[in-house]
Amino acid sequence: HPSLHLSLSLSLSLSDTLSSSLSSLELTIYCSFTKAIFFFGQKLNLMQHLKENIEHFSIFHLCNQLTSPRMAVRKRSILALGHLVPCCSLLLFSQLTEHLLTELAKNPPTSVTRTYIQCLATVSWQGGHRVGEHLEKLIPLVVKFTSTEDDELREFCFQAFEAFIRRCPKEMAPHVATVTQLCLKFMTFDPNYNYDDGEEDGDDRMDVEEGFEESDDEYSDDDDMSWKVRRSAVKCLEALISTRRDLLLSYSICPALLARFKEREENVRADVFAAFSTLLRQTRVGSSHHSIIHAGGTPILYLCVQVPVIVKVLHRQLKERSFKSRQGCFCLLTELVHTAPGALEQHIPALIPGIIFSLTDKSTSSTMRIDALSFFNVLLLSHPPQTFQPHMQVLLPAVLACVEDSFYKITSEALLVTQQLIKLMRPQEPTAVSAAFDPKPYVKEVFSVTLKRLKAADIDQEVKERAISCMGHLVCHLGDHLESELQGVLAIFLERLKNEITRLTAVRTITLISASPLKVDLSPILPEALSLLGSFLRKNQRALKLATLACLTAIVTHHSASIKPAALEPVLNEISPLVDESDMHVSQVSITLLTCMAKACPSSLAKICSSVLPGVFRLIHSPLLQGGALAAILDFLQALVLSKATNLSFSQLLKSLVEPFQSSKSPAGSSVLHRQSYHSVARCVAALSSASPEDAPGTVSGLIQQVKDSGSPESDRVLALLCLGEVGRSSSLGRSKELQGVILEAFSSTSEEIKTAASCALGGMAVSSLNEYLPFILKEVSAQPRKQYLLLHSLKEVISACSASSLSPHLESIWTLLFQHCECQEEGTRNLVAECLGKLTLANPAQLLPRLRQQLKTGSPLARSTVVTAVKFTIVDHPAPIDSLLKDCIGDFLKTLQDDDIDVRRVALVMFNSAAHNKPALIRGLLGTVLPQLYKETRIRKDLVREVEMGPFKHSVDDGLDVRKAAFECMYTLLESCLEGLDVLQFLDHVEEGLKDHYDIRMLTFLMLARLASLSPAAVLQRLDRLVETLKATCTAKVKAGSVKQEFEKQDELRRSAMRAVAALLAVPEVERSPSMADFANQIRSNADMASIYQSVQGVEGGGVGPSESMDKS
């Protein structure tokens, strides 16, 4: 390569001068040479031996230059070493580090020590995790040098500490306490200045600093370098806070940083603010759902106690001339509000003067005003209206002046704040205090300023949209004060509705006004607006469709008296194509609009049969229908029956619902309906029956006859049974021996579908007739062993649907029955029993959970597995009364991870996985004891692998595979919910083993590796060389010739999954410093097959592989 030849020539030409002193030009050339070695050493995998020789030669001579009498030579040598370190071998890196250690141990002169420590910091930043193994020797040396009376040396020591913390957080763990104490000590190191305590109450310091502004490198005293020590100590402390969330519980850090808010040097003070902002962010993350900190929000509570001190210090700084200080204050206060919403409520009067100063001061920069407005907006959103209402007279003029500013960004931000102030003047849900505020004196001024921006055509798009939204809120909240101006504003909104650029914002604004409790008269614009809104439903813009449907719903709901039926016909025609399974959310919102029309304007649906209704029935029969869309359809059908305005009788709707099932009985018919369609139609039939009680008895009789008719097609009988269950769920069918007999007879059917439907039907009917049917179910469970599974399924339906109070009289009888069958040999039956036990425990956790725990000690392995599975069903994904009780005893259930029975351990892992996913707070405190057991289950056990003879062949069966899969699934879940509780490097050890395991486990570990690359890149980089070898082996593996098709498909999927992991690794910053990863990236790029797979998983055509690809473009 020509550039490499140039580098070699440079090397030879400089070999003599390196042994002596270097000129500035020669050193600059040599820095360029080291860069070339770094880049091209990765680009070319040729001449590896030559490259290593050059690196060794370069590092050796550069180390000699660290003692040069010329400081420029030392600095350039450090820079050159920094370029070489990432691509040098591990051996060479160790030799370099040992050399620095040896030289530092000799106690060289202070100037040389500074150079070595600075070099050590650079090597640590560039070398990354590789310095970790040397920290035990490095840290004591660097700590020792912090006591040397030399400010620059101390600065470099803290820079080295920061590099160690950022690059090797795990290896630094034993030294965190020492470094923290040093940071707290030296962040106050200011020997040449006396911080008088009286300053806290006065403004003297502000007056001193008011007359000048300093740049990043200008300070008041040229001879005083102590500010560098303080700044580096603060930055090191910020690194500690960023990487060690456990320090949030160390309450000494917060007051120490607060005490440094009085820092005299502007740039150091800005770093103090940045460090405190980091502390706030970490507190917010640390106190969230996914944190290890779960002590009632202790860090948040402690922070709230500190709020008065924070405000006391910052409210003076907000009035300083220094832009950097004020920006730091606003940034810090914004983080504080996000972390503890409402915490500043008592301190708003102290903060308002500072906000007003930044908004009105003529010397304030545009950026400063935007920051002030942004913070003010966050403040308004997170505090109650009555907090700001007394200050409206002061706040409003300053904000409105910003609305009239010539800079569009200030205007846009100010309009957003004005919108919030309007909402505070008259909240839609006022309290007694906020309702007493009179907004009338302010309406005219706000209206005139906003109207000026609303009318302007030659302004920025964002300003246009926010002016529309701001005026919309003004009309919505204070429209009764606008009087004659209102009609003109509505006309402007109509014009904006016709404009393609502003129509989406205008639609949302009209939605807001339509739903206003002021009942704003929209009749002047309504006919034309409805026509425009109808046309928007044809547009391809999904957001516009959804906003338009919401707007039409609001108009129909609140302004139906002003709408003529004919005006909605075009809208009705446009809704028809929207009701389709291709977009369930749009379908749901469309059907909600139809429901509102059926309730508020029933006459508008006269022609619904030919337009919309066929699409609704197609959606009902779709296998994708569920959740919100199904609920919307049920409401619509009920509204349709109750409206009686459409010539559609109950029987006609019922016929349309069941017609596809009757047509599917022809053998030639290809429209076989999905099982989900049966359940959807059954719920629709029940909804119709509840809306038309007079038709319900006849419907039930017809359904019973259909079930009894053994000549009926299976689909008809299945549907009839499901309908009986849903109708019985919503209204009591009474105790009928005929009905019970019909259900039991269906249990004996040869069709599995009919038996399952009968089971659902019996459970559904028992929900509303518990006293009649539950004893019958319990008796039959014991009396009919062959129908036990179906009857238990019915019992599960009852327990799931009934309230705790209605189940209470039957708890003992159900509990006793379930434990009689918890040792059943059939796993499916045991799982049903477990689900029933778990859901029953939720009905009375205080009584039943201890009894469930007691069963662990008395039962057989089958009983223990049933009990542990039952616990899984008590862990629901929403807050429940059982949570506190479960947290106290879940450790006992998790002890089954050590059970001798492999099936008990497997279900214990499944239960643990459920807890980690749904309620991670339950298990975070137990990770220390649970993780060793979990990791133990990830290992392949030879004693569980057996050989089975299949004719002339022998086949290996791994009885431990299911347990290992469950263990790796738990590990994947823990990545999402409990990352802070994991030792990531130990976690990676087991991921590495999983990469060589069974197909299913390898697929899962590839996903874990990709996730870890995003969540914990530093740890992944430490193991990169070992991981790359496994990934390379998977990507280059070949299937034996003559293998079955499934083997080829499996290998293809493995390669694709491995390549996704590779893509995730290549996205990690600094991954290009790994020679093995660079070589693998080159291999992928040069192999057409692997390059094709890589591009396909990336989802781009012609995408390059790895960061080195960008070099060619530069």
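The count of salt bridges here comes to 46. Keep in mind that this is a predicted model. In general, side chains of opposite charge can pair when their charged atoms come close.

Start with R369 and D405. These two form a salt bridge, and their closest N and O atoms are 3.1 Å apart. The pair links distant parts of the chain, since R369 sits in helix α17, residues 366–381, while D405 is in the loop between α18 and α19, 36 residues apart. Are the two partners buried or exposed? R369 has a relative accessible area of 14%, so R369 is buried. D405 counts as buried too, with 16% relative accessibility.

The next pair is E462 and R466, whose side chains meet in a salt bridge at 3.5 Å, N to O. Both belong to helix α22, residues 461–478, and because they are 4 residues apart there, about one helical turn separates them. E462 is partly exposed, with a relative accessible area of 33%. R466 is also partly exposed, at 21%.

Then there is R853 with D892. Their side chains meet in a salt bridge, 3.0 Å from N to O. R853 lies in helix α43 and D892 in helix α45, residues 882–894, so this pair ties together parts that are 39 residues apart in sequence. R853 has a relative accessible area of 30% and is partly exposed. D892 counts as partly exposed as well, at 29% relative accessibility.

Salt bridges can also join up. D190, R230, R260, E263, R264 and E265 are linked in a network of them.

R453 is found in helix α21, residues 440–455. Leaving aside neighbours within four places in sequence, R453 is in contact with V403, E404, D405, T411, I459, V463 and A467.

One of those contacts, V403, brings us to a helix pair. Helix α18 covers residues 392–403, and its axis and that of α21 come within 10 Å and cross at roughly 10°. The two helices are therefore roughly parallel to each other. The crossing in which α18 passes α21 is left-handed. Which residues meet there? From α18 they are M392, Q393, L396, L400 and V403, and from α21 they are Y442, E445, V446, V449 and R453.

V403 also turns up beside A414. A414 has its place in helix α19, residues 408–425. A414 has a relative accessible area of 0%, so A414 is buried. Not counting residues up to four places away in sequence, A414 touches L373, V399, C402 and V403. Between the C-alpha atoms of A414 and E404, which are 10 residues apart along the chain, the separation is 8.9 Å.

For another helix pair, look at α47, residues 927–936, and α48, residues 961–977. Their axes come within 10 Å and cross at roughly 140°. The helices are therefore oblique to each other. On the α47 side the contact is made by L927, L931, L934 and Y935, and on the α48 side by A967, C970, M971 and L974. This crossing, too, is left-handed.

One more helix is worth a look, α41, residues 811–820. Its buried residues are L811, I814, W815, L817, L818 and F819. What do they pack against? The list is α38, α39, α40, α42, α43 and α44. Among these, α43 is the helix that holds R853.

Last, the chain as a whole. The secondary structure comes to 56 helices and 2 strands. The protein chain has 1114 residues, of which 54% count as buried. Of the contacts with a separation of 6 or more, 75% are between residues 24 or more positions apart.

Definitions and conventions: Residues numbered from 1 in each chain as written. Predicted model: local features only at pLDDT ≥ 70, side-chain atom pairs only at ≥ 80, totals over all residues. Heavy atoms only, no water. Contact = heavy atoms within 4.5 Å. Axes fitted to C-alpha atoms, helices over the stretch in contact; angles between N-to-C directions. Parallel < 35°, antiparallel > 145°, perpendicular 65-115°, else oblique. Left-handed = near helix turned anticlockwise from the far one by under 90°. Buried < 20%, exposed > 50% of the residue type's maximum accessible area, 1.4 Å probe, protein only. Salt bridge = Lys/Arg side-chain N within 4 Å of Asp/Glu carboxyl O.
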